[in-house]
Amino acid sequence: MNEEASFGSRKRHVLLLAYQSLGIVYGDLSLSPLYVYESTLSGSLHQYVTEDVIFGVLSLIIWSLTLFSLIKYVIIMPSTNDNGEGGTLALYSLLRRYAKFSLLPNYQAADEELQAYHRPGYVTRSFPFRAFLQKHKRCRACLLLVVLFAACMVLSGGVLTPALSVLSSFQGLRAHNKGLNHKNRAALVTNDYYSGTVVTIVCIVLVGLFALQHRGTHKVSFLFAPIIISWLLSIAALGIYNSIKWNSHIYHALSPYYIYKFFKETPKVGWTSIGGLLLCITGSEAMFVDLGYFSTASLRVSFSCLVYPCLILQYMGQAAFLSKNNSSVASPFYSSIPDPIFWPMFVLAILAAATASQAVISMTFSIVKQCHALGCFPRVKAGQTSRWLKGQVYIPEINWILMVLSVAVTIGFRDTTLIGNAYGGWASLVLAVLFVFIMYVWHYGSRRKYLLEVQNKVQMRWILGLGPNLGVLRVPGITLIYTELVSGVPAILTHFLTDLPAIHQVVVFVCIKYVPVPHVSDKQRYLVGRVGPKSFRMYRCIIRYGYKDIDKYVDDFEDNLVMSIAEFIRMEAEGARSSEGSMAVVRTSDKFGTRLVASDISISQTDEGSKSIHRRSSSQLGKSSAVHSLHSSYELEESPKFSQRRTRYKLPGDEYLDDELKEELIELLEAKEAGVAYVVGHSYIKARRNSSKLKRFMINYAYSFLRKNCRSSAVDLHIPHISLIE
């Protein structure tokens with residue numbers, strides 16, 4: 001019975017995910033019947049339109065959907081995932097872990113201890129391909145360019161798909177105007193008027209669609225799936241109706257023989273029309289990119305049982321209609337709709353277009369976020385628009401750039417046929433090449449800057465020579481020095497000690513590091529170590545994120561950081577990390593999944609300034625009414641009678657605390673209460689005079705332009721401006 005109940009629960013979960021995927025994954029793909037035939041037959045192929053040619057076009061569409069969408073993206077590709085995550089960037093991250101190479105020389109052995117680092121059944125073995133990639137630097141660069149180009153082709157869809165989808169849905173206004181079919185001067189004037197009106201309406205809709213992105217889609221996302229389901233069922237019923245009414249032998253086009261006849265009758269023009277035919281599979285990659293939000297089984301169920309058959313039926317119905325109405329190639333979808341249901345289908349098409357555009361825009365944000373985590377995109381401000389829906393990312397800069405480009409495409413082309421032809425040809429390539437250039441320039445400049453910082457690291461002998469006070473006055477507080485280095489002391493410390501007369505008593509070198517895994521669990525996020533002897537009170541904290549992670553603990557970042565350091569101090573005292581410079585993964589509070597502890601340390605300071613440290617049991621803690629429970633692992637307690645301030649830090653276990661450990665904990669917690677300062681350094685690079693012209697252009701002009709016009713590192717790191725030192 002338990003097995004049957006578990007199987008039923010899994011089945012319901014798969015069906016629920018399949019239902020949700022219909023509104024997020026298949027919007028673009030399900031809207032393609034609006035413009036595929038129009039883009040394919042309205043060009044040079046128009047003069048070859050016969051029944052055999054139409055049957056050949058339908059056969060190409062059916063087999064393209066079968067081979068690419070069904071077999072490739074539904075059956076084969078979902079099996080090649082990275083811990084459930086799909087997409088080109090996910091596969092590239094998986095390859096980086098397999099071949100053991102990184103874009104920046106910041107590899108650490110501790111990264112391999114991450115839970116998501118190895119796939120189930122993974123066995124570490126040496127293969128020639130791994131050795132080949134590790135040996136040939138140029139091959140790794142070429143591989144990166146290929147990966148970026150594939151990602152940028154999807155990004156180009158974020159520009160063209162909203163314009164194409166919304167404009168094609170509004171083409172029904174022009175198709176429904178019966179007076180446009182008369183070839184007279186008045187009709188031409190009316191045609192131009194309708195064309196201008198449609199373009200204006202589409203531009204307004206696009207601006208509104210992009211303007212609402214910052215609010216997120218969680219409030220209306222429950223409507224996406226019903227809209228797409230209604231759309232798919234409606235076009236399937238329309239396809240069946242047209243097949244029965246116009247040409248009941250349309251099923252013959254299922255034979256690939258008509259593909260041969262198509263290219264035989266249109267030897268040159270047929271090949272040039274392939275671009276329009278490829279629009280029928282546009283959006284199929286969304287099934288692989290969005291794999292992490294759903295599951296392989298749910299995507300296979302939703303596509304195989306609903307999306308695929310509905311699309312096939314609709315394409316067959318349009319082909320049956322066109323085989324008897326060759327003059328309607330300008331707008332075959334709307335022309336094939338019976339008058340009584342025209343306006344409901346028109347409204348439903350607009351809703352489906354808005355849903356498809358929303359899905360593509362959200363996917364674009366996700367890909368940009370992954371490229372940024374890869375170190376191949378300029379700094380942007382990525383935020384999560386919903387606490388409940390995973391992966392709802394909003395990037396303001398990308399949103400407005402997409403809006404401007406989409407409106408420009410709509411105004412420039414003004415016709416779905418022209419946009420469709422550009423989408424299968426030069427427009428996508430131009431946009432992809434532009435995005436690849438930006439990404440590679442940023443990656444190249446960032447890598448050169450990182451290598452420069454590695455070369456200019458401060459020698460530890462110099463720091464030891466300064467003594468515990470570092471040659472300046474140590475004042476209460478914590479200084480967080482942000483650096484990209486995972487080892488060593490950054491050169492910014494020398495500028496800090498030289499230009500300022502004092503430094504806080506606790507110094508922490510903070511490194512935000514993206515590792516080649518989709519997600520890093522909160523239990524394994526903080527990697528803490530010590531820099532120099534204990535008396536220097538300098539630490540290193542590496543905060544690790546996966547390429548799909550979003551900064552979730554911005555508000556209590558300082559608390560988590562201090563707790564991580566305190567936990568490291570305790571672990572070090574227990575002998576978990578005895579060698580100087582070693583680092584440990586720490587787990588700090590109950591929110592990270594650790595158990596609530598039964599004892600704590602309280603640091604008390606009286607009016608006379610004397611300090612004491614004591615422990616209380618959990619029962620004593622429960623009796624204290626003045627203690628306010630916080631989410632962090634330390635609490636503040638004030639007593640009006642003695643005017644004292646307490647900071648308590650909970651420690652697991654009942655082990656004895658020696659004087660050295662007590663003193664270090666006291667200094668750490670007092671420093672936290674004194675205040676935290678954030679130090680961010682800005683390093684600039686410039687190509688040598690004897691460098692090649694290409695390198696000088698990329699570093700001195702292209703990378704410099706991107707660095708000056710992107711978000712500052714302080715904004716990217718969510719640093720409060722009031723505590724920032726730059």
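Two strands count as paired if DSSP finds at least two bridges between them.

**View 1. Strands S3 and S4 of the predicted model.** In this predicted model, strand S3 (residues 473–482) and strand S4 (residues 502–514) run parallel and are joined by eight bridges. Within this pairing, Leu473 stands opposite Ala502 in S4.

**View 2. Helices packed on the sheet.** Helix H21 (residues 492–499) lies across S3, S4 and strand S12 (676–680). The direction of H21 makes about 160 degrees with that of S4. Helix H24 (residues 659–674) also packs on the sheet, where its contacts include S3, S4, strand S5 (526–530), strand S6 (538–545) and S12. Between the directions of H24 and S3 the angle is about 75 degrees.

View 3. Seven strands form an open sheet with mixed pairing, in the order S7-S5-S6-S4-S3-S12-S13. The edges are strand S7 (583–585) and strand S13 (724–725); each has a single partner strand, so one side of each is left without a neighbour in the sheet.

**View 4. Confidence along the protein.** The average pLDDT of the protein is 79, and 82% of the residues score at least 70. Helix H9 (residues 224–246) has the highest confidence, at a mean of 94, whereas helix H23 (residues 618–623) has the lowest, at 32. Residues 179–190 have a pLDDT below 50, and the model gives this stretch seven contacts beyond near neighbours in sequence.

Note on methods. Residues are numbered from 1 along each chain as its sequence is written. This is a predicted model: local features need pLDDT of at least 70, side-chain atom pairs count only at pLDDT 80 or more; totals for chains, interfaces and linings use all residues. Side-chain values use heavy atoms; hydrogens and water are left out. pLDDT is the predictor's confidence in each residue, from 0 to 100. Helices (H or I, at least four residues) and strands (E, at least two) are DSSP runs, numbered from the N terminus. Contact means heavy atoms within 4.5 Å. Axes are lines fitted to C-alpha atoms, for helices over the stretch in contact, and angles run from 0 to 180 degrees between N-to-C directions.
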